[in-house]
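Hello,

I am handing over the structure we talked about, and my notes follow below it. Please have a look at it before reading on.

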Amino acid sequence: MSYIRTISGEISSNRLGFCQCHEHLMISKGVPYDRNPALCIDDIEKSKQELLQYLAAGGRSIIDAQPVGCNRMEYELGVLAKETGANILCSTGFHKLYFYPAHHWVHTYSEKKLADLYIHEIEAGMFVGSETCEPNDSCSLKASMIKTALDKEGLTDRYQRLFKAAIKASICTDAPIMVHIERDSDPLLLLDYLTVRGVPANKLIFCHLDRACDDINLIKKVVGMGVFAEFDTIGRFKYHSDAREIEIIKELLADGYEHQILCSLDTTRERLRAYHAEAIGLDYILKTFIPLMRNSGIDEKQIHNIFYENCVSALAI
C-alpha cells in the first residue's frame with residue numbers, strides 16, 4: 001500500500017487531500033534574504049495564521065520547498081504541523097548555488113556525502129542549523145522529497161555533483177525529485193540526464209514551467225515524457241495574468257495531460273497576507289483561482305485531479 005511521508009509521520013495516500021505542491025512557510029534570514037528580502041518568512045505566528053486560513057478554505061496538505069542548508073526552519077515547520085493539523089511535507093536537496101555563501105559545505109561535499117545526507121534527512125531526520133556550519137545535528141522530523149535546481153548555468157561539473165547525489169538518494173528512498181526550472185535553462189537536457197541515470201520520469205516534478213518556458217510545445221515535450229509539470233505563476237501578475245495561466249492549463253488538458261499537472265503559488269513574504277495586508281494569501285487558489293478555472297470551462301473532475309489525485313501520484317512512496 002502506498003503512503004505519504006509528512007513531517008509528522010507517514011499517512012495513507014487517501015489522507016493527503018487538497019495539496020499545493022510548492023510553497024514556502026518558514027525561511028530564516030540568510031543569503032536568500034540578502035539576495036531578495038521577500039525570501040524571509042520567519043514569524044511563526046503569522047505563518048500559522050496563513051496556514052489556518054488555507055485549511056479553513058479547504059486546504060489539507062502543503063509542500064515546503066526550502067532545502068537543507070538554505071535557511072529551512074525545521075523545528076518551526078514541525079510546530080506549524082502540530083498546532084494546525086496540516087500535512088506539511090518538507091524538502092531536502094539543494095537550491096541554486098546563488099543562494100549559498102562561498103564557504104558553505106554544499107560547494108565541497110562529495111557526491112556520496114551529499115547523497116548520504118539526503119537519504120538521512122528522508123529516512124532518519126532532517127539536520128538543523130546547517131546554514132552556518134556542517135550538518136551534524138539532526139532531529140526526528142523527516143523530509144519527503146528532494147528539491148533541486150536547474151540554473152541557466154546548466155549541467156556544469158558543480159551542478160552534476162549535486163544532481164548525481166539527488167539521483168542516488170531518490171533511487172534509494174523512492175522520494176520524488178522536485179526541480180526548480182530557471183528561465184534560459186534546458187529542461188529537456190536535464191530530463192534526459194536524470195532518466196538515463198535511472199530516475200523514472202513519474203518521480204520528477206518540474207516547477208515553474210509556466211513562466212520559465214515561453215514555448216508551450218516545450219512544456220508538452222516534458223510532460224509527454226511522463227514528468228509532472230508544477231505551475232505556480234498564479235496571482236503573479238508581473239509575469240502574466242491568471243487568464244493566461246488558465247489558457248496554458250487548458251491547452252495541456254486538451255492534449256490529454258490532465259494527470260500530470262500540479263498547481264501552487266510558490267509563496268514569498270510579499271505574497272502572504274499575514275505579512276502584507278494587500279497580498280494574495282495562501283488561500284488564493286482555493287478562493288479565487290479555482291472559481292476562475294470553473295468559469296473558464298475546466299470541469300470538477302479535472303480540478304480534482306490537479307489538486308488531489310495528481311498530488312498523490314507524484315508524492316506517494
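Are helix 6 and helix 8 roughly parallel or roughly antiparallel to each other? The model is predicted, so to speak of local features pLDDT must be at least 70, side-chain atom pairs count only at pLDDT 80 or more, and totals for chains, interfaces and linings use all residues. Residues are numbered from 1 along each chain as its sequence is written, and side-chain values use heavy atoms, without hydrogens and water.

The axes of helix 6 (residues 187–196) and helix 8 (residues 216–224) cross at roughly 10° and come within 10 Å. The two helices are therefore roughly parallel, a term for angles under 35 degrees. Here Pro187, Leu188 and Leu191 of helix 6 meet Leu218, Lys221 and Val222 of helix 8, where contact means heavy atoms within 4.5 Å. By type, these residues are 5 nonpolar, no polar and 1 charged.

Helix 9 (residues 242–254) packs against helix 10 (residues 284–295) at about 65°, with the axes 10 Å apart. Asp242, Glu245, Ile246 and Ile249 meet Tyr284, Phe289, Leu292 and Met293 there.

The largest nonpolar core has 95 residues, and Ile88, Phe206 and Phe231 touch the most other members. (Such a core is a set of buried Ala, Val, Leu, Ile, Met, Phe, Trp, Tyr and Cys residues joined through side-chain atoms within 4.5 Å; buried means under 20% relative accessible area, with a 1.4 Å probe and protein chains only.) Helix 5 (residues 157–173) gives this core its largest share, 7 residues. Apart from this core lies another, of 19 residues, including Ile63 and Met145.

Best wishes

Key
Axes are lines fitted to C-alpha atoms, for helices over the stretch in contact, and angles run from 0 to 180 degrees between N-to-C directions. Helices (H or I, at least four residues) and strands (E, at least two) are DSSP runs, numbered from the N terminus. Buried means under 20% relative accessible area, exposed over 50%, partly exposed in between (1.4 Å probe, protein chains only). Angles under 35 degrees count as roughly parallel, over 145 as roughly antiparallel, 65 to 115 as roughly perpendicular and the rest as oblique. Ala, Val, Leu, Ile, Met, Phe, Trp, Tyr, Cys and Pro count as nonpolar, Asp, Glu, Lys and Arg as charged, and the others, Gly among them, as polar.
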